[in-house]
Amino acid sequence: MTERPARGLLLRLAGPLQSWGTHSNYTRRDTARFPTRSGVVGMLAAGLGRARQAPLDDLTTLSMTIRVDRPGVVLSDFHTVGGGLPADETVITVNGKRRTKGKGTLVSKRQYLADAAFILALTSDDEELLHACAAALRDPHWPLFLGRRSCPPEGPILLGTVEDPLHHLVRLPLAAKRPRSSPQPIEFYGDRPLNVLPVDPDAADRGDGDYHSGEVTDEPLSFAPLERQYRPRPLYRRAVHLADATYAGFGTGYLEKLQTYIDTQALRHTR
């Protein structure tokens with residue numbers, strides 16, 4: 001069994017809209033169904049105040065495990081860019097030139113996740129890096145967004161720093177109501193095997209927790225303008241039935257239960 005790091009951060013990513021692109025290209029902007037490594041690393045880099053040309057080697061060592069509280073609904077939006085501008089202010093082409101008269105307006109289709117909620121565990125053996133990231137999420141240098149600038153989070157992102165983040169990942173209150181019919185398993189995604197999740201061994205689960213479920217090209221190498229680079233990384237998936245008591249509903253009821261868990265587990269006070 002793969003050993004899991006002893007320490008890590010717990011994050012909550014929720015808001016009216018999120019967007020985590022994986023194949024976005026010019027006028028077509030897609031979204032993955034869960035937060036991408038590039039999106040989360042970019043958020044940490046913004047919080048740390050790093051320039052786009054700054055190295056990412058330390059941040060890409062963080063391992064990320066995601067719990068899908070609410071998968072949300074994919075929303076497609078229609079945009080136009082550059083309309084009504086004079087020729088010298090229209091959108092620049094890939095050749096670095098301005099578009100000719102009558103061709104300055106671009107049609108852009110963009111996807112978002114509406115009403116989605118995720119809990120993330122970021123783990124590492126580098127305590128100094130974890131401390132810096134936690135400080136950046138509490139008091140970010142630049143504003144933090146859920147994949148795009150138009151997608152602000154609905155509340156504080158950092159839940160706390162803990163000794164065993166995966167232990168809490170399967171026990172934190174779930175931002176959903178328990179289904180009246182047979183309960184549905186909760187999805188987990190990770191960049192490492194998910195057989196390390198500390199769940200009840202008798203709980204029915206499905207997925208490829210021990211094996212690659214596929215690949216996704218979201219490992220950032222550079223965020224430099226016009227020189228963005230990404231590489232593929234393995235994707236692991238596992239679906240687990242969590243305890244009924246984990247379901248905490250919505251709204252203030254959920255937030256109160258989440259705050260009670262944070263206070264009783266002293267998530268914000270572990271160093």
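## Overall composition

A residue is called buried when its relative accessible area is under 20%, exposed when that area is over 50%, and partly exposed in between, with a 1.4 Å probe and protein chains only. By this criterion, buried residues make up 45% of the 271 residues in the protein. The structure is a predicted model, in which local features need pLDDT of at least 70 and side-chain atom pairs count only at pLDDT 80 or more, whereas totals for chains, interfaces and linings use all residues. Residues are numbered from 1 along each chain as its sequence is written, and side-chain values use heavy atoms, with hydrogens and water left out.

The protein has four helices and 10 strands, where helices (H or I, at least four residues) and strands (E, at least two) are DSSP runs numbered from the N terminus. Read from the N terminus, these elements follow the order β-β-α-β-β-β-α-β-α-β-β-β-β-α. The accessible surface, from the Shrake-Rupley method with a 1.4 Å probe, comes to about 14,400 Å², and 51% of it belongs to carbon and sulfur atoms. Among contacts (heavy atoms within 4.5 Å) with a separation of 6 or more, 79% are between residues 24 or more positions apart.

## Packing of α1 against α2

Helix α1 (residues 37-48) and helix α2 (residues 127-138) have axes that come within 8 Å and cross at roughly 75°, the axes being lines fitted to C-alpha atoms over the stretch in contact and the angles running from 0 to 180 degrees between N-to-C directions.

On the α1 side, Leu 44, Gly 47 and Leu 48 meet Ala 132, Cys 133, Ala 136 and Leu 137 of α2. By class, this contact has six nonpolar, one polar and no charged residues.

## Salt bridges

Side chains of opposite charge can pair when their charged atoms come close. With a salt bridge taken as a side-chain nitrogen of Lys or Arg within 4 Å of a carboxyl oxygen of Asp or Glu, a search of the whole structure finds 11 salt bridges. One of them joins Glu 163 to Arg 7, with the closest N and O atoms 2.5 Å apart; this pair links distant parts of the chain, 156 residues apart, as Glu 163 is in the loop between β6 (158-162) and α3 (165-169) and Arg 7 is in strand β1 (residues 7-18). Glu 163 is partly exposed, at 44% relative accessible area, whereas Arg 7 counts as buried at 9%.

Another salt bridge connects Glu 187 and Arg 237, whose closest N and O atoms are 3.1 Å apart. Glu 187 lies in strand β7 (residues 186-190) and Arg 237 in strand β10 (residues 229-240), so the pair ties together parts that are 50 residues apart in sequence. Glu 187 is buried at 18% relative accessible area, and Arg 237 also counts as buried at 18%. Elsewhere, salt bridges that share partners join Arg 7, Glu 127 and Glu 163 into one network.

## Surroundings of Leu 174

Leu 174 is placed in the loop between α3 and β7 and counts as buried, at 0% relative accessibility. Leaving aside neighbours within four places in sequence, Leu 174 is in contact with Arg 67, Asp 69, Ile 186, Thr 246, Tyr 247, Ala 248, Gly 249 and Tyr 254. Of these partners, Asp 69 and Arg 67 meet through their side chains in a salt bridge (2.7 Å, N to O), and both are buried.

Methods. Nonpolar A, V, L, I, M, F, W, Y, C, P; charged D, E, K, R; others polar.
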